[in-house]
Amino acid sequence: QVQLVESGGGLVQAGGSLRLSCVASGIIIRINSMGWYRQAPGKQRELVAAVTSGDSTNYGDSVKGRFTISRDNAKSTVFLQMNSLKPEDTAVYYCNADLYSSLGRRDYWGKGTLVTVSS
């Protein structure tokens with residue numbers, strides 16, 4: 001069984017920074033991609049950033065230039081550095097991994113961590 005454990009969420013003032021981390025644990029054969037999604041009340045869940053096994057990255061338009069995703073392959077960990085935070089970034093952030101394990105290929109999700117940006 002694979003689990004994703006997130007950390008780093010919290011309360012920050014507008015213009016500040018936070019760094020989220022997500023560790024995938026378990027018997028993992030291959031990670032195709034890891035990323036972050038977020039969902040604010042009344043809004044649909046949206047892609048924030050993702051990184052593939054080949055180090056290709058993809059960012060949502062609203063965070064380009066402010067957020068940076070990176071990974072540590074050896075530790076099956078993905079990070080999200082969030083700078084110049086805005087109140088509009090307030091949301092629950094979910095870690096996602098598309099990977100192969102002994103159970104085959106599937107998506108895994110973390111439980112989410114709340115990021116609140118005050119104005």
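In what order do the four strands of the open sheet run? The order is S1-S3-S8-S7, with antiparallel pairing. The model is predicted. One disulfide turns up in a search of the whole structure, and the structure holds one aromatic pair.

**The open sheet**

- S1 (3-7) and S7 (67-72) are the edge strands; each has a single partner strand, so one side of each lacks a neighbour in the sheet.
- From one strand to the next, the twist averages 15°.
- Six bridges link S7 to S8 (residues 77-82), and the sense is antiparallel.
- Within this strand pair, Val78 in S8 is the residue opposite Arg71.

**The disulfide**

- Cys22 and Cys95 make the disulfide, with 2.0 Å between their sulfur atoms.
- The link of Cys22 and Cys95 is left-handed, at -85° about the S-S bond.
- Cys22 belongs to strand S3 (residues 18-25) and Cys95 to strand S9, so the pair ties together parts that lie 73 residues apart in sequence.
- Cys22 has 0% relative accessibility and therefore counts as buried.
- Cys95 also counts as buried, because its relative accessibility is 0%.

- Strand S11 covers residues 113-118.
- Which residues of S11 make up its covered face? They are Thr113, Val115 and Val117.
- The uncovered face of S11 consists of Leu114, Thr116 and Ser118.
- In a regular strand, side chains alternate between the two faces of the sheet.
- S11 runs parallel to strand S2 (residues 10-13), and four bridges join the two.
- Val115 in S11 is the bridge partner of Gly10. Val115 is also part of the covered face.
- S11 runs antiparallel to S9, and three bridges join these two.
- Leu114 in S11 is the bridge partner of Val92. Leu114 is also part of the uncovered face.

**Charges over rings**

- Arg19 lies over the face of Phe79, 4.1 Å from the ring centre.
- Arg45 places its charged end over the ring of Tyr94, at 3.9 Å from the centre.

- Ser33 is in strand S4 (residues 28-39).
- Is Ser33 buried or exposed? Ser33 is buried, because its relative accessible area is 19% and the cut-off for buried is under 20%.
- Beyond its neighbours within four places in sequence, Ser33 contacts Val51, Thr52, Asn96, Ala97 and Asp98.
- Asp107 is in strand S10 (residues 104-109).
- Asp107 has a relative accessible area of 39%, so it is partly exposed.
- With residues up to four places away in sequence set aside, Asp107 touches Asn96, Ala97 and Asp98. Asn96, Ala97 and Asp98 are also among the contacts of Ser33.
- Along the sequence, Asp107 and Ser33 are 74 residues apart; in space, their C-alpha atoms are 9.6 Å apart.

**Ser101**

- Ser101 sits in strand S9 (residues 91-101).
- Its relative accessibility is 6%, so Ser101 counts as buried.
- Which residues does Ser101 contact, leaving aside its neighbours within four places in sequence? They are Val2, Ile27, Ile29 and Tyr108.

**Ser84**

- Ser84 lies in the loop between S8 and S9.
- Ser84 is partly exposed, because its relative accessible area is 40%.
- Not counting residues up to four places away in sequence, Ser84 touches Gly15, Gly16, Ser17, Arg66 and Asp89.
- Ser84 and Gln3 are 81 residues apart along the chain, and 30 Å separates their C-alpha atoms.

Terms used: Residues are numbered from 1 along each chain as its sequence is written. This is a predicted model: local features need pLDDT of at least 70, side-chain atom pairs count only at pLDDT 80 or more; totals for chains, interfaces and linings use all residues. Side-chain values use heavy atoms; hydrogens and water are left out. Rings of Phe, Tyr and Trp (its six-membered ring) pair if their centres lie within 6.5 Å; planes under 30 degrees apart count as stacked, over 60 as edge-to-face and the rest as tilted. A charge sits over a ring if NZ of Lys or CZ of Arg is within 6 Å of the ring centre and within 35 degrees of the ring normal. Two strands pair if DSSP finds at least two bridges between them. Axes are lines fitted to C-alpha atoms, for helices over the stretch in contact, and angles run from 0 to 180 degrees between N-to-C directions. Buried means under 20% relative accessible area, exposed over 50%, partly exposed in between (1.4 Å probe, protein chains only). Contact means heavy atoms within 4.5 Å. A disulfide is a pair of cysteine sulfur atoms within 2.5 Å.
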